[in-house]
Each structure stands twice: as C-alpha cells, then as structure tokens.
Amino acid sequence: MSDERLLLSYRETRDPSYYSEIVKRYERELYSYLRRYLGHAEMAEDVFQATFLQLHLKCEQFDVTRKLRPWLYMIATNKAIDLQRRNKRHRMLSLDGSGKSE
C-alpha cells in the first residue's frame, strides 16, 4: 500500500495500524534528517514526536493529489525551525540575566 493510501485509510478509519505503518516507514530516515538538521539527538527526538503528532492532528488537511513524503518533511522542518526559534529566545533571555525587568 502506498504512503498516501495508508494516510487516507487512517483518516477514514482511524485504525492505528495504518498510522503505525507510516511511522515505521519514516522513523529512521526522518529522525536521521532531523538529527543532521538540528545537530542534537534529544531535539531531533522531540521534533520527530511533534511531527507525527501533527500528522495525526492534521491528516484531514492532507491533499490527496500530493505525495506524503514532502508534506511530512515540510511538517518536520517547520517544527524544527519553531524549536530553534524557541531555544534562541530562551538563550537570549538567559543571557539577559535573571529575566526580571527592573
């Protein structure tokens, strides 16, 4: 079954076996991509989890005329960018001192 058909089947039935198969197909390559992109294993794991949560939450928005792989990578990349922005803001606040305004 194609990736796209798996997602559509999951969307229609909410059968977790379809979702699990998608995760299984992409876990190694997507985690490796995130590990290289972020340069940090724990951050890559967090983004990986957030990506597949987003896939679950937004599967209704998947365009059936497109391929799943680029959509999944777009979600992962956007989640990674969001995490980097949050971490950058956190580091900037930490460098400011106590975080209290005077």
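In helix H3 (residues 41–58) of this predicted model, Phe48 and Phe52 lie 4 residues apart and are therefore separated by about one helical turn. An α-helix has 3.6 residues a turn, so residues three or four places apart point the same way. Both side chains belong to residues classed as buried: Phe48 has a relative accessibility of 8%, and Phe52 has a relative accessible area of 4%. Each value falls under the 20% cut-off for burial.

A further ring pair is formed by Phe62 and Trp71, with centres 5.2 Å apart and planes at 55°, so this pair is classed as tilted. Phe62 and Trp71 are both buried.

A search of the whole structure returned 5 aromatic pairs. For Phe48 and Phe52, the ring centres are 4.9 Å apart and the planes meet at 55°; this pair is therefore tilted, since planes between 30 and 60 degrees apart are assigned to that class. Elsewhere, ring pairs connect Tyr33, Tyr37 and Tyr73 into a cluster.

Helix H1 (residues 3–13) is mostly covered, with 8 of its 11 residues buried. The buried positions in H1 comprise Asp3, Glu4, Leu6, Leu7, Leu8, Ser9, Tyr10 and Arg11. Arg14 follows H1 and has a positive phi, near 60°.

Methods
Residues numbered from 1 in each chain as written. Predicted model: local features only at pLDDT ≥ 70, side-chain atom pairs only at ≥ 80, totals over all residues. Heavy atoms only, no water. Buried < 20%, exposed > 50% of the residue type's maximum accessible area, 1.4 Å probe, protein only. Helix = DSSP H or I, 4+ residues; strand = E, 2+ residues; numbered from the N terminus. Phe/Tyr/Trp six-rings, centres within 6.5 Å; stacked < 30°, edge-to-face > 60°.
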